[in-house]
Amino acid sequence: MKTRLPLRSALAVALMATLWAQTAGAHLLKGEASGFLTGFLHPISGADHMLAMIAVGLWGAQLGAPALWVLPVAFPLVMAMGGVLGLLGVPIPGVEYGIAASAVMLGAAVAFELRPPIVVAGVLVGFFAIFHGHAHGTERPPGQSALLYSMGFVIATGCLHALGIGIGAVHRWSWGQKLLRASGAMVAAGGVFFLWRAAA
Amino acid sequence: MRTARSAGTRAFVALAVALSCGPARAHLNSTGMGPIYDGLTHFLMSPEDLVPALALALLAGLRGAAYGRRALFTLPAAWLLGILCGLAVTTTSTTTLGPAIWFLVLGGLVLADAKLSLRAMTTLAVLLGLVHGYFNGTGMGLSAPSIIAALGLAAAVFVLVVLVAALVVTLRAHWARIAVRVGGSWIAASGLLMLGWSIRGS
């Protein structure tokens, strides 16, 4: 017979957990939590960043191992280098164009199921990551923890890659491969829109 | 009959427990347990200390049980020693350059799944513990509660290394080890950015 948790026990546990609640401690360290949140939300709040980062995961899933993990590792690392360039005041022309173009190129790579050598794929992803990093690095609001801001946006970037890889898992089925290519086309179309908006 | 008696017994036990309860001691400062938690929570809430220790535990776990066991005792001991050395110093330092370098080095080693010798990993653990412990100690000031807090902090380091290294040692699936290395890349990337903030700040 299947054992079920009695409702009364569940309620008792819930009540106990409620009564056991500690103070929230939401303001223990001024600026710290918001630094992480600001960094975490930065890639997510910009659709142009988000499209490109998900496309990295989609492409990795399409290409399979080792690209499956090499691309999502290369992107945050090179993005951090781009961030350092931004922090040091090294100008990179056309950052917004670069970000939009990354969505176009990576989306097109998924749409056409391009299979270049892993080095070429890594260099392409790394090249575009510099633009994303440059934009992130220069936009930390003052007074917030630099460390937590950095960790926040690196983790968010990784999560977006993971989301792309998760979606890309449909590649094992024939209908999934078509769906994936259609998703790539949509990412590329989004990139064209952002490219047009940057130029306007 | 039997049910009624057992219910009566239970009620008696509940009453006895309720009547015999001691003081709550909710304010731990009066009992001497406060500083322990101060040290423990300081470590858990300071990412500049927590993340390098986490990275070292990941690295030790990737290399195997012998490395995990070595890190388990070396890192907390060195951290405690570092704190004790730092307690005598009254000035505090808030530089982010040191933690940034540790993020970069240890995150990079995890990412590369570096085949370090046991001696090299031990040296890294000792250096990490001494440096971070020293800077923790400089912020504490020499007093009895500080020494207790140092014990709490070292205990937190010990528990972190136990849990993380043991978890990673047990990972056999290829994808799980890759996930650990991806985590290392995130730590290295954060360190790289921290380095940029430090250079710009100075």
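Predicted model: local features only at pLDDT ≥ 70, side-chain atom pairs only at ≥ 80, totals over all residues.
Me: Let's settle a term: buried means under 20% relative accessible area, exposed means over 50%, and partly exposed is in between (1.4 Å probe, protein chains only). So is B:Asp113 buried or exposed?

Reply: B:Asp113 is buried, with a relative accessible area of 10%. Residues are numbered from 1 along each chain as its sequence is written, with chains lettered from A and ligands numbered from 1 in the order in which they are written.

Me: OK. What is the average pLDDT of chain B?

Reply: Chain B averages 87, and 88% of the residues score at least 70. pLDDT is the predictor's confidence in each residue, from 0 to 100.

Me: How many helices and strands does chain B have?

Reply: 8 helices and 0 strands, which reads α-α-α-α-α-α-α-α along the sequence. Helices (H or I, at least four residues) and strands (E, at least two) are DSSP runs, numbered from the N terminus.

Me: How much of chain B counts as buried?

Reply: 43% of its 202 residues. As for contacts (heavy atoms within 4.5 Å), take those in chain B between residues at least 6 apart in sequence: 87% of them join residues at least 24 apart.

Me: Give me one spot. Where is B:Thr74 found?

Reply: In helix H4 (residues 65-87) of chain B. B:Thr74 is buried at 15% relative accessible area, and it touches B:Thr122, B:Ala125 and B:Val126, leaving aside residues up to four places away in sequence.

Me: Back to B:Asp113. Which residue does B:Asp113 form a salt bridge with at 2.8 Å?

Reply: B:Arg63, with the closest N and O atoms 2.8 Å apart. B:Arg63 lies in helix H3 of chain B and B:Asp113 in the loop between H5 and helix H6 (118-138) of chain B, so the pair ties together parts that are 50 residues apart in sequence. A salt bridge here is a side-chain nitrogen of Lys or Arg within 4 Å of a carboxyl oxygen of Asp or Glu.

Me: What about B:Arg177?

Reply: Its side chain meets that of B:Asp113 in a salt bridge, 4.0 Å from N to O. This pair also links distant parts of the chain, 64 residues apart, with B:Arg177 in helix H8 of chain B. B:Arg177 counts as partly exposed at 21% relative accessibility. Shared partners put B:Arg63, B:Asp113 and B:Arg177 into one salt-bridge network.

Me: What is the phi of B:Asp113?

Reply: Positive, about 50°, although B:Asp113 is not a glycine.

Me: Switching to chain A. Which side chain does A:Glu113 meet in a salt bridge?

Reply: A:Arg115, at 3.4 Å from N to O. A:Arg115 is partly exposed, at 48% relative accessible area. A:Glu113 has a positive phi too, near 50°, and its place is the loop between helix H5 (95-111) and helix H6 (118-137) of chain A.

Me: Which peptide bond is cis?

Reply: The one from A:Ala65 to A:Pro66, with omega near 5°. A:Pro66 lies in the loop between helix H3 (47-63) and helix H4 (67-87) of chain A.

Me: Now the interface. How much do chain B and chain A bury between them?

Reply: About 2,100 Å², 85% of it on carbon and sulfur atoms. B:Trp186, B:Leu193 and B:Trp197 supply 33% of the area that chain B buries against chain A, more than any other three residues. Buried area is the accessible area (1.4 Å probe) that two parts lose on being put together, summed over both.

Me: How many salt bridges between chain B and chain A?

Reply: 0. There is 1 residue pair in polar contact, both at pLDDT 80 or more. A polar contact is a pair of N or O atoms within 3.5 Å; within protein, one must be able to donate a hydrogen and the other to accept it, and residues adjacent in sequence count only if both atoms are side-chain atoms.

Me: How many residues does each chain put in?

Reply: The contact takes 21 residues from chain B and 25 residues from chain A.

Note on methods. Heavy atoms only, no water.
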